Structure formats: structure tokens, C-alpha cells
Amino acid sequence: MKNFASASGLRPRLAITLAITTLITGLLATACQDATNTNQGNQGQTSSTGSTPAASTANAKGLKIGSLLPATGDLAPIGQAMLASVPLAVDQANQCGGVNGEPVTLVAEDDQTDPTAGAEGMTKLAEADKVAGVVGSFASSVSSAAVDVAARNKVMLISPGSTSPVFTERAKKGDFQGYWARTAPPDTYQARALAKLASDRGFKRVSTVVINNDYGVGFEKEFVEAFKKQGGTVVNEAKPTRYDPKATTFETEAAAAFGGKPDAVVAVLYAETGSLLLKSAYEQGLTEGVQVMLTDGVKSDEFPKQVGKTSDGKFIITNAIGTVPGADGKSLDALAKLWQEKKGQSVSAYVPHSWDAAVLLMLAAEAAKANTGEGVQSKLRDVANAPGTEVSDVCEGLKLLRAGQDINYQGASGNVDIDENGDVIGSYDVWSVKDDGTLANISKVKPE
């Protein structure tokens, strides 16, 4: 997903450091120590079976990986669950012997949904913590700031949610030297899926409003092209509506997008800023009779509450629909069971993609017999793609790799077949806002 220049750059960085003790008498300890962040009422949790907290991981043995995800900032409502999924994957690997004979160490950095903070966090992970790979980031702008640091330091960066098509273009030019991949498909596909959904719903005239960054503008470009091929018209194509990520008022942008009564408004937003824009459209009396179509950037149970309610107590965006990269992988059921057990809730958006990114880093290191970024990079596609024995469990994959066998990891998000540009295709869920403000997946749609 996404690209964002946040106004929250003055917030102190949340740094969660996880260190894993050495094996005692050949067995991993079973104590679990959590470090938590409770920003915005959500919980970002880092834990590892067999671990104790420490101030530094500089002397940790074995494979060391990092996470660079938004515990704070505009994408925190989604990012905190993503952050919590990574240590669960590390736990699983450590419970069956770790990687290359040692427990895996995890270091987590909060990117604050801010490119500057993300670049600083990536620099710390690469140059101070000496990680081999990183799960991150979510915002495309943060990943854009981090990936060059990663490539320069030969650290494998796997994003579970940065979907801007810019990464594909740069990968084709060789900018990343193979040190970039993602488990969520690029917006080239999601934009086509949303255009197909709009066409299937019978919409002929739509307008767009997007956050003015790589995510929003890239999505807009692909959507307009795809919707026109479906026979539709984008009424503001000649003068697109794009809002400043640092803005605090949105009356002008709301009026531009919703004015003229289009059949639907395709809104590519982030939660904090996007909620203000949609609320402004309602307060100006512009939303009645207009279908709101959203994307993955706001798929959070908190979003309808952020937008607010009408004068008669109904949620403003009731019946809004949207798309989000779906999860239909062979290991999804097992992850859903674990997530329910550990977190007491259903798997949320991008959790499967974050889990898969962490698992791939560990499997690639085991395949390379090396705890280095170069090793992980050299084997990532080997463990993600055919040929090889299909495995959906991290422990099964590690066992086969230790025995010298090839594997083809089948993830929770999908088959995670990674191409030469670091991309996967994936599938898309269609979601809707119910009368009570909760979100529900109602169908699926494939890009055309």
C-alpha cells in the first residue's frame, strides 16, 4: 500500500527490540515476554516464545530479522495488527529449532507512517542491528524511503502492503539489485479490480479523489485507464482531485469530487485524512445518492467511526464498498486459528501478508545456509516458487530444507509466487460497511 508524508514526524519513534536467548539444554524456553503499544486504542504486540527482552541485539547469534511497520501515524489502525503477526511467525520457527541451528531474533521499528522515520528506522535495522531481512513497510512512501537503504546494505526487504506500481518500474530498471519483494500485489491489479467492480455495479459516470502521493496517484492512473476500457467515464479525468497528505481541511476537495452527482466516487484515501474528507462531503450535502467506493488504505473497523454519524445516528459511510487484497492461501486456516487463540479476534487485513513475509525471510535463510541478506536474497524465489515440495507450515518447510530438499511455500495470503520484479498477483475481496458500522467481506472480484 501506500505512500504518506505524515505530520506526525515529531512523535518519538517506538522501538521495540526483541532478543532471543540461546538454547538451554537443547530446548527452547517457553516463557513469553510481550512489549506492547496501545496507540489509538489498538495493540501492537511483539513476543517470542523462548525470549527475554534486552536493550540491544548486537551480539545475538543466528538469523536476525526486523520489522518496519506503522504502530503510529495515519496507518496505525491497520499496521498494529501487521506488527503483531511477525513475532508470531518467529515464535513458530523457534519452537521447531529456529533457523540454521539457532533461534531467530526479531527487532521491530515503528515507521510512524512517515518516510523520514522509516528511512531512519531502516538505517538502524541495517547498520546498527545488522539484520538480514526486514518485513516492511506498509506505506509505499515509507518503503520508497527504506528500500534504497536496504539495497545499499544488502538487506532483503519484503513489504506486506506497499502496492504502488512504482516499485515494479524501478525493479525492472535494476534499482533494487533483487533486495525488494512484496507479498501484496501492486495496485495495477487492485485498480483494475475496482474498475471491474464499478462496471459490474452498473456505474457509468464516476469521479475520483485520491491522496496526493505514489499510492493515490498511481492507483488513480490505473483505475481511470481500466474503467474507460470497461466503457465508463471518469468525469474529473481532465482535472483530477488530489488532496495534500498534510492537509487538515478538505471542503474544496470534497466538493470537487462529489459535485455533479456522479454515480460513484472512487476514493483512494488514508484513514485519518480520508475520514475528514468524507465527513466534509456529507456536511456539504454532497453524498446523498452517490456510491462511495474505497480501497485497502481505509479497511479498518475504526474507519466508519472516524468518519462519524449522520444527524439521525446512522454511520455516514453505511453501504460504502471497497476492495482489499484478499487472502486465500493454504495456510490461512492455520493462521486464523492461531490468531484467534493469541489475539481473540479474526485475522484482519494484511496480517496474512505480513506473516508470509516473515516466513519467507526465515525459509530463504535456511535454504541459503546463511544468516545474511545476500543469502536470503539468493534463495527467496527458490523457496517461494515451484519447483519443490509444496509446504504451508513454516516448521515443515524448515525440516525439508534442513534435509536438503527444495520447497514451494504456499502462504496464508496466497501462493506467494514472486516474479523477477518482486511482485505477486493475488486476489481481491470486496468489502462493505454494514448498518452497525462494522465491515464485512461480501464477495470477490478479479482484475481484467
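## Exercises on loops, helices and cores

Pro 387 lies in the loop between α12 and β16 (389–391), where helices (H or I, at least four residues) and strands (E, at least two) are DSSP runs numbered from the N terminus. The model is predicted, so local features need pLDDT of at least 70 and side-chain atom pairs count only at pLDDT 80 or more, whereas totals for chains, interfaces and linings use all residues. Residues are numbered from 1 along each chain as its sequence is written, and side-chain values use heavy atoms, with hydrogens and water left out.

**Exercise 1. Describe the backbone and the exposure of Asn 100 and Lys 369.**

Step 1. Asn 100 is not a glycine, yet its phi is positive, about 55°, and its place is the loop between α1 (76–95) and β6 (105–110).

Step 2. With a relative accessible area of 24%, Asn 100 is partly exposed, a class that lies between buried (under 20%) and exposed (over 50%), using a 1.4 Å probe and protein chains only.

Step 3. Lys 369, also not a glycine, has a positive phi of about 55°; this residue belongs to the loop between α11 and α12, and its relative accessibility of 48% makes it partly exposed.

**Exercise 2. Work out how α11 is built and how it packs against α12.**

Step 1. α11 has 18 residues and spans 26 Å from its first C-alpha to its last, close to the 26 Å expected at 1.5 Å a residue, the expected span being 1.5 Å times one less than the number of residues.

Step 2. Of these 18 residues, 16 are buried, so α11 is largely enclosed by the rest of the structure.

Step 3. Helix α11 (residues 351–368) meets helix α12 (residues 373–384) at an angle of about 105°, and their axes are 7 Å apart; axes are lines fitted to C-alpha atoms, for helices over the stretch in contact, and angles run from 0 to 180 degrees between N-to-C directions.

Step 4. The two helices are therefore roughly perpendicular to each other, a label given to angles of 65 to 115 degrees.

Step 5. The contact (heavy atoms within 4.5 Å) includes Leu 360 and Ala 364 of α11 and Val 376 and Leu 380 of α12.

**Exercise 3. Find which residues have the most contacts inside the largest nonpolar core, and which element gives the most to it.**

Step 1. A nonpolar core is a set of buried Ala, Val, Leu, Ile, Met, Phe, Trp, Tyr and Cys residues joined through side-chain atoms within 4.5 Å.

Step 2. The largest such core has 114 residues, and Phe 223, Leu 278 and Leu 294 have the most contacts inside it; α11 gives the most to this core, with 11 residues.

Step 3. Apart from this core lies another, of 17 residues, including Met 122 and Trp 180.

Step 4. Setting aside neighbours within four places in sequence, Leu 294 touches, among others, Leu 194, Leu 278, Phe 303 and Trp 431.

Note on methods. Parallel < 35°, antiparallel > 145°, perpendicular 65-115°, else oblique.
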